[in-house]
Amino acid sequence: MEELGRKAAEIAAKGIWTKISGALGIGEAEVEVSEKRIRVRAASVGKAKELLDYGAETQLKLLSQTREALTKAKVVELEDSQVREKNIRSKEDCDALVAKPDAKALPEKERLRLTAFALTSLGDREFHRKKFDITEQAYRDAYKLARKLDDKILQAICLNLIGAALGMQGKDELALPYFEQALRLKIDLAETWYNKGVALHELNRFEEAVACWDKATEINPDFAKAWYNKGSALHKLNRFEEAVACYDKAIEVNPDYAEAWYNKGVALDELNRFEEAVACYDEAIEINSDYAEAWYNKGVALHELNRFEEAVACWDKAIEINPDFAEAWYNKGVALGELNRLEDAVACWDKAIEINPDFAEAWYSKGVTLHELNRLEEAVACYDKAIEVNPDYVEAWCNKGGTLGELNRLEDEVACYDKAIEINPNFAEVWCNKGAALYEFNRLEDAVACYDKAIEIDPGDAKAWHNKGFALRKLGQVEDAKTNLKRGFSLRQEAPGERIIALEYLTQLILQQGLESITSRNMKEAENRASELAQLRKEAEKDDMAQVVNRAALEFKEGLSKKELKSFDELDVMFTVLSIEDPLERWKALARRISEKWPKGLSAIEAIRKERQ
Amino acid sequence: MKEIAVDSNVLVSALLEQEEHHHEALKLIEGLRLKQYLFHISTLVPVEVCGAILRRTKSRARAHLAAREMEGLTDEGYAKLYPLDEERMAKAEEIALRDGLKGHDAVIAEVAEELEVALLTFDKEILRRFRAKKQ
C-alpha cells in the first residue's frame, strides 16, 4: 500500500492527476486518463492502453506497476465507495468511510492514507463550491495525516492544495511558503510550480511567475494552462512576441483553448498585427460563439484596420450577448462617429452612460460629437459630466475651453486651459489653445509665450509654429513670423486645411514684403523675396500644394491698387525668372520678359549706341 | 577655350528674342557654360546693358535680373571683369585717337587690345575702325 501511495503520488506529480478520487481495483485495471485524473477499474491492461491519451505512455507503465502493488496490498474495492468527491460531504463522511468494515480491515497506515485521500476529496468538493476556508482546513487535516505517515510525496501534494486554497482566498503571500515547502519535498511537481506561478503573478511578480511556469512546462510540456499563464505574464511585461509564442504552445496542446486564442489576439493587437489578431478572435468565437470579449476585441482590431462597418457588427454581437457591455456601446459610438453617423454615435454613448453613469470617456466623446453637431451648450454639459467623474480629465478641460471659446466666453475658455495646464503642464495642445485664446484678446505677446511653451514641449507641433507666426506678424515681426510659418509648414503635420491657411498666409506675407521692396526700389531685397517665394512654391510642390501659392498670389493681386499692380508685375517677373533653376533656361526666360517690353524696331546695337551718346 | 572681349551689344542681343543676332549671342552664352569661351568684359559693359534695359523696358526688375545674370557669369568664372583704371583710361584714349573710336567704344576695345584677344561686337562701325585683332 505504501508503494501504491508512492506510485500514485508520482503519477500525480507527472501532472496527470492531483488527487486520487477514483476507484482503485484489485486485479486487472482499467485506466482512464484525463487532464487531471486517473481512474482505475477492473479491466484488462490492453483496454487501458486504448483509453490512454497520446503522451500518457509513461503513466501507463507506472500504473501497471501500481496495479501489482495494489494486488499485493489487497486494497478494498473503492470504485463505488464514498471516496468519490460527490459522496464525501463532511469530515464525518471521512470518518464513516474508514469505519466501514472493508477499510477497518486495513492496516492502520493504510486507513490513515485512505482518510487523507478522503479529506482531499472533501477539500476538492468545497473548493468547487468556493468554500475555501473549509477547503483549506480539509487539506490541512490531510497534511497532518501525511506527516503522520511520513509520506513526503503526499505531504507535498497536500501543501500544494493548501497553497491553492489560500490563493483562492486572495492570501497569495501566505500561499507562497506552502508551495515552496512542497517543492522542497518534491521538486518536479508541475502543478505546484504552476500554482506558485499563479501566486507570484497575483503579487505582480511577473518575472518570477514566468520562471515558475517555465519549470511547470519543462516538467510537463503539455501543460496548456501553464503555457497560457506564462503568455499572460509575458504580455504584462510587454514581451508580446514571447507571449504569442506561449499562447501558440497552449493552443498546440489544446486547439480548443478559446482563452488562449483570445489572448493571442490581444498580444497581436499590441504588436499592431491586427489582421492576425482578427483571425485569432475568429478562432475563439468559433470555439465559443458567446465569447463577448472576443467579439468586442475583434471589433477593436477591425476598427484599427479602419473597417468600421465590420467593427460595428462585432460590437453589436458583443452587445447581443451582453446588453450591459458598456465598452462595446462606447466603441460602437466611436466607429459610428468615424462613419459620420453622429446622431447614432451619441445614442450609443447615451446607452453606455445609462449602463455606467461614471463612464467619463463616453461623456467626453458625446461632448466632442455634440460640439461637431454645433450643440455647444450641450457639449459643455457633457464635458462637465466627464470632469465631474474625473476632475483630472485634461482633454475634457481642454475641449470645454475650446467650446466655451466658440460661445464667446473667452475668459472661461482661458480658465479651462489654465486648469488643464495645472493638471498637466506638459500638454502642448492646451498651451497652443491658450495661445489662440489670448490672441483673440489681442494679448499677442502672452500668446507667443504660450506657443513657445507648446513648441518647447513638442517641437513637432505644427499648429503652434503656425499660430506663433500669425501672432508675430500681428506684432510686426515679419521675418520671425515667416520663419515660424515655414517651420510649421515643413513639419507636414497639420491637416491639409490648416496647412493651406499657413501657406496662403506665408505667400501673402512674402508678396507684401516684395511689393514694399519694389516700391522703395530696393531691388536686391525684392530679388530675395521673389527667390523666397520661389523656394516656398518648390516646397509646396512636394505636397501638391503649388496651386495654393499661385491662388494666394492671385488673391493678393486682386486687392491691389493700380499703382501697386505695376510693382506686383515687376515682382512677378522676378518670381517667374527666379523660379527657374537651369541658368540657360533662366536666361531665356529673362530674354522673353525683356523682349515683351522692348521697343519694336530698336536693335541692341542702336540701344547701346544711344547709351554711349 | 576661346577667349574673347565682348561688347555690350552682344549681351543685349542675347537678351532680346527679336534681335537679328539673338541666336548667335545665345549660343555664346551656352558656350560659356560648356567652357568653349571665356569672356573678358570691361566694367562698363554690365552698366551699359542694365541701363539700356532699364531705359528701354522701363522695368527695374528686368534690368536688375539682367545685372544678376551677368554677375552670375563672373561669379562662376565664365567671364572676367576689367575695371576702368587710370592705365586703361590712358590706353583707351590712345585707341580712340588712333582709330577714331568714340570714348565708350574705345574703352571696350581696350580690353581686347590689352589681352590680345578678339573683340566681339555686332556694331560694324566699331569693327571697321578698330585696328587690333578682330572677330
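# A tour of chains A and B

Of the 13 residues of H22(A), 10 are buried, so this helix is largely enclosed by the rest of the structure. The model is a predicted one.

**Stop 1: H22(A).** Select residues 394–406 of chain A, which form helix H22. From first C-alpha to last, H22(A) reaches 19 Å, close to the 18 Å expected at 1.5 Å a residue. Colour the buried positions: Ala396(A), Trp397(A), Cys398(A), Asn399(A), Lys400(A), Gly401(A), Gly402(A), Thr403(A), Leu404(A) and Gly405(A). Now show what covers them, which includes helix H20 (360–372), helix H21 (376–389), H23 and H24 of chain A. After H22(A) comes Asn408(A), with a positive phi near 60°.

**Stop 2: H23(A).** Move on to residues 410–423 of chain A, helix H23, which has 14 residues. Its first and last C-alpha atoms span 20 Å, close to the 20 Å expected at 1.5 Å a residue. The buried residues here are Glu413(A), Val414(A), Cys416(A), Tyr417(A), Ala420(A) and Ile421(A). These cover an arc of only 155° around the axis, which puts them on the same side of H23(A). In general, an α-helix has 3.6 residues a turn, so residues three or four places apart point the same way. Turn to the other side of H23(A) to find Glu411(A) and Glu422(A), both exposed. The cover over the buried residues of H23(A) includes helix H22 and helix H24 (428–440) of chain A.

**Stop 3: the nonpolar core.** Select Cys158(A), Ala250(A), Met574(A) and Ala66(B), the residues with the most contacts inside the largest nonpolar core, which has 230 residues. Helix H8 of chain A, residues 152–168, gives the largest share of this core, 11 residues. Centre on Cys158(A): leaving aside residues up to four places away in sequence, Cys158(A) touches Tyr139(A), Ala142(A), Tyr143(A) and Ala146(A).

**Stop 4: the contact between the chains.** Display the residues where the two chains meet: 35 from chain B and 27 from chain A. On the chain B side, the elements that give two or more residues are helix H1 (8–14), helix H2 (22–33), helix H3 (44–57), helix H4 (60–75) and helix H6 (103–115). H4(B) provides the largest share of that side, 9 residues. Coloured by type, the chain B residues touching chain A divide into 11 nonpolar, 10 polar and 14 charged.

**Stop 5: chain B as a whole.** Chain B has 7 helices and 4 strands, and along the sequence they follow the pattern β-α-α-β-α-α-β-α-α-β-α. Of the 135 residues in chain B, 48% are buried. Among contacts in chain B with a separation of 6 or more, 57% are between residues 24 or more positions apart.

**Stop 6: Lys2(B).** Finish at Lys2(B), in strand S1 of chain B, residues 2–6. Is this residue buried, exposed or partly exposed? Lys2(B) is partly exposed, because 14 other C-beta atoms lie within 10 Å, whereas a buried residue has 20 or more. Select Gln36(B) and Tyr37(B), which Lys2(B) touches when residues up to four places away in sequence are not counted. Then draw a distance from Lys2(B) to Ala118(B): the two are 116 residues apart in sequence and 9.3 Å apart in space, C-alpha to C-alpha.

Note on methods
Residues numbered from 1 in each chain as written. Chains lettered and ligands numbered in written order. Predicted model: local features only at pLDDT ≥ 70, side-chain atom pairs only at ≥ 80, totals over all residues. Expected span 1.5 Å × (residues − 1). Buried ≥ 20, exposed ≤ 12 C-beta atoms within 10 Å, placed from the backbone. Arc of directions from axis to C-beta. Contact = placed C-beta atoms within 7 Å. Nonpolar A, V, L, I, M, F, W, Y, C, P; charged D, E, K, R; others polar. Core = buried A, V, L, I, M, F, W, Y, C linked by C-beta atoms within 7 Å.
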